[in-house]
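I have a new notebook page open and a structure to get to know. Let me bring it up and note what I look up as I go.

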Amino acid sequence: MANPHTTTLKKGENAPRAALESSQIRVLVSALGARLCGVYLRDTKDGHETNIAVNLIDDAAYLDQDSYIGAVCGRYANRIEKSRYPDGNGDIVQLAANEGEHHLHGGPDGFDRRPWTISDQSDRSVTFELTSPAGDQGYPGTMTAWATYSLVADDRLRLEITATCDQPCPVNMTSHAYWNLTGKFDQSAGDHVLQINAEQWLPVDDKLIPTGEIRDVMGTGYDFRSPARVSDMLPHACQGFDHNFCLTGPRGELRQIATLSDPASKRSIKLFSTEAGLQFYLSQHFNDAMKTENGVSLHPSGGIALEPQTYPNSPNRPDFPSPWLKPGETYRHVIEWEFS
């Protein structure tokens with residue numbers, strides 16, 4: 001049976017989109033999944049634009065691929081083991097599974113697949129709104145979520161995600177943007193240089209669920225405290241790159257958490273967040289069938305995802321930073337990207 005929430009779009013047809021523009025950047029966002037569809041950096045000399053945010057040819061391609069490219073993931077980004085968790089009364093809440101028996105990025109019909117509503121818009125800001133009914137993907141309570149993209153400086157984009165729910169519910173929402181600073185998405189992003197403000201990382205089992213161990217990055221392929229080329233670190237990363245890094249600094253405070261740069265083009269992104277963790281994923285699953293807005297096929301490792309969030313599987317791990325949102329509270333996560 002078709003899910004009543006999922007949008008159906010014909011090939012070449014797109015949900016409403018909005019453009020935010022400054023002297024240095026043009027940002028394209030879509031109501032499908034409150035999705036970042038392009039970040040075009042302007043060359044100061046000749047005005048030529050280069051898109052550095054991986055995108056696909058149309059909305060049908062986004063719905064077809066299940067790669068979350070550019071989308072806001074919810075209600076819970078990342079993985080929940082066995083698609084279930086104990087609530088405050090000790091009862092088990094069963095969620096919809098979409099990665100084997102596990103729950104990933106909000107389930108088979110997560111927020112990335114929904115048409116959000118544009119509830120507010122100006123030249124430099126747009127707000128998307130979504131209501132998720134009680135029982136949606138198994139979650140309790142009716143949730144309303146908002147995602148506001150705004151240019152807070154000529155070189156700086158902010159995404160503020162807020163949500164309320166009328167029953168206690170775990171919430172973990174993020175942007176699943178993939179970056180390739182070369183602007184050439186048919187090339188690997190492995191030569192990018194990455195720095196992450198994290199002393200520790202979370203090892204995972206063979207299903208990519210954190211084992212519960214919190215390991216120091218020192219002496220491992222996960223030590224990005226100083227800038228390091230991703231391809232140089234990969235041979236020393238015993239589990240590859242699809243892991244949560246435990247960020248330094250207080251959760252809830254907007255602080256710089258990472259820098260991504262491309263030595264060849266001299267382009268870089270400074271990443272800021274209010275969250276406790278950062279999932280770093282070097283794409284491995286892009287393929288020739290996935291084509292950009294220009295019809296170019298994606299390189300298998302053509303994108304780097306840097307997803308600020310709380311730790312994966314936290315509804316089952318009281319020792320991890322809390323994911324719980326209670327009635328009367330407002331969930332709030334701010335992400336900022338500063339481009340140069």
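Is Asp232 buried, partly exposed or exposed? I looked it up, bearing in mind that this is a predicted model. Asp232 comes out as partly exposed, with 47% relative accessible area.

**Entry: the partner of Asp232**

Next I asked which side chain Asp232 meets in a salt bridge. Here Arg229 is the partner, with N and O 3.9 Å apart. The cut-off for a salt bridge is 4 Å, so I count this pair. I checked the accessibility of Arg229 too: at 31%, Arg229 is partly exposed.

**Entry: from Arg229 into the sheet**

I then followed Arg229 to its strand, β20, where Arg229 stands opposite Val193. Strand β17, which covers residues 193-196, pairs with β20 through two bridges, in the antiparallel sense.

How many strands form the open sheet that holds these two? I found nine, and wrote down their order as β10-β11-β12-β13-β27-β23-β22-β17-β20, with antiparallel pairing. The edges are β10 (117-122) and β20 (228-229); each has a single partner strand, so one side of each has no neighbour in the sheet. As a reminder to myself, strands in a sheet pair through backbone hydrogen bonds, either parallel or antiparallel.

I searched the whole structure for salt bridges and got 21.

In one, Glu338 bridges to Arg156, and their closest N and O atoms are 2.8 Å apart. Arg156 belongs to β13 (residues 156-165) and Glu338 to β27 (residues 331-339), so this pair ties together parts that lie 182 residues apart in sequence.

In the other, Arg158 meets Glu336, at 2.5 Å from N to O. Arg158 is again in β13 and Glu336 in β27, so parts 178 residues apart in sequence are tied together here. In the strand order I noted above, β13 and β27 are written side by side.

**Entry: how covered are these residues?**

I went through the accessibilities in turn. Glu336 is buried, at 2%. Arg156 counts as buried as well, at 17%, because the cut-off for buried is under 20%. Arg158, at 26%, counts as partly exposed.

**Entry: joining the pairs up**

Finally, I asked which residues are linked with these pairs in a network of salt bridges. The network holds Arg156, Arg158, Lys270, Glu336 and Glu338.

How values were computed:
Residues are numbered from 1 along each chain as its sequence is written. This is a predicted model: local features need pLDDT of at least 70, side-chain atom pairs count only at pLDDT 80 or more; totals for chains, interfaces and linings use all residues. Side-chain values use heavy atoms; hydrogens and water are left out. Two strands pair if DSSP finds at least two bridges between them. Helices (H or I, at least four residues) and strands (E, at least two) are DSSP runs, numbered from the N terminus. Buried means under 20% relative accessible area, exposed over 50%, partly exposed in between (1.4 Å probe, protein chains only).
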